[in-house]
Amino acid sequence: LQLTYPSLQASLPRWSPDGKQIAFSARAPGKPWKTYLISAGGGTPQQLMPDDRGELDPSWSPDGKTLVFGDFEAKIIRLLDLSTRQVSKLPGSEGLFGPRWSPDGRYIAALVAVSQGKLMLFDLTTQKWMELTQQPAAYPRWSRDGSYIYFASIGNGLSRVRIGDRKIEWLAGLKDFRRAPGVFGTWFGWTPDDQPLMLRDVGTQDIYALEWQTP
């Protein structure tokens, strides 16, 4: 991905369901984080909302027609209809961030800010929230079949929670894995086949010697 606006600090990219576009968060110097859209082939990024309210961490609806994202100012989750550019509030989303739409379109998962990332689930059919985890979580991602949400357990490695019965399964520890920090802390990602992706620190904690020879 090549941006024609190198002054933008970009983060948290999300592929559209058809693979033709990427939604991402970015900010220009001295400006708040905003939501942008760009062609998968690169080009000029399009800022989706022109006002100065901060937005972060967009997620696509399965049909690619709507984005869900966190609103910095109001501390709620909002929905953006990409065809009409109409913005609406996700009911009961006060104090939540990091939304993720399920593959079947029925649910939106989100994190609770005051609990350091407790995972919540909104049923778009019943318009009700339920608690999935009481433990802190980060970087949630739906499994391909929508049966699980994978997430990073703060200080405890990688886990997943089953939607049907809310059973949490511990997957792997990261005690000896030196993770590299990013813009929003220690980043985790997941491949399309539900394998974890991480940034490994391979040098900042090491000491090197250099032999210098003058010409």
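**A quick tour of the model**

D71 is buried, with a relative accessible area of 5%; here buried means under 20% relative accessible area, exposed over 50% and partly exposed in between (1.4 Å probe, protein chains only). What you're looking at is a predicted model, where local features need pLDDT of at least 70 and side-chain atom pairs count only at pLDDT 80 or more, while totals for chains, interfaces and linings use all residues. Residues are numbered from 1 along each chain as its sequence is written, and side-chain values use heavy atoms, with hydrogens and water left out.

**Salt bridges**

- The structure holds 10 salt bridges, each one a side-chain nitrogen of Lys or Arg within 4 Å of a carboxyl oxygen of Asp or Glu.
- D71 pairs up with R53 in one of them (3.1 Å, N to O).
- R53 sits in the loop between β4 and β5 (55–60) and D71 in strand β6 (residues 66–71), so this pair ties together parts that are 18 residues apart in sequence. Strands are DSSP runs (E, at least two residues), numbered from the N terminus.
- R53 itself is partly exposed, at a relative accessible area of 32%.
- D71 also meets R78 in a salt bridge (2.5 Å, N to O), and both D71 and R78 are buried.
- R14, D57 and R100 are linked in a salt-bridge network.

**The sheet**

- 4 strands make an open, antiparallel sheet in the order β1-β2-β3-β4; two strands pair if DSSP finds at least two bridges between them.
- At the edges are β1 (9–15) and β4 (46–47), each pairing on one side only.
- β2 (residues 21–27) and β3 (residues 34–39) run antiparallel over 6 bridges, with A23 standing opposite L37 in β3.

**The nonpolar cores**

- The largest nonpolar core has 12 residues, among them Y107, L119, W142 and V161. Such a core is a set of buried Ala, Val, Leu, Ile, Met, Phe, Trp, Tyr and Cys residues joined through side-chain atoms within 4.5 Å.
- β10 gives the most to this core, with 3 residues.
- Apart from it lies another core, of 11 residues, including L79 and M120.

**Around S102**

- S102 is in the loop between β9 (96–101) and β10 (107–112), and it is buried, at 1% relative accessible area.
- Leaving aside neighbours within four places in sequence, S102 is in contact (heavy atoms within 4.5 Å) with P62, Y107 and W142.
- A polar atom of the S102 side chain lies 3.3 Å from the backbone nitrogen of R106.

Conventions. Polar contact = N/O pair within 3.5 Å; in protein donor to acceptor, adjacent residues only side chain to side chain.
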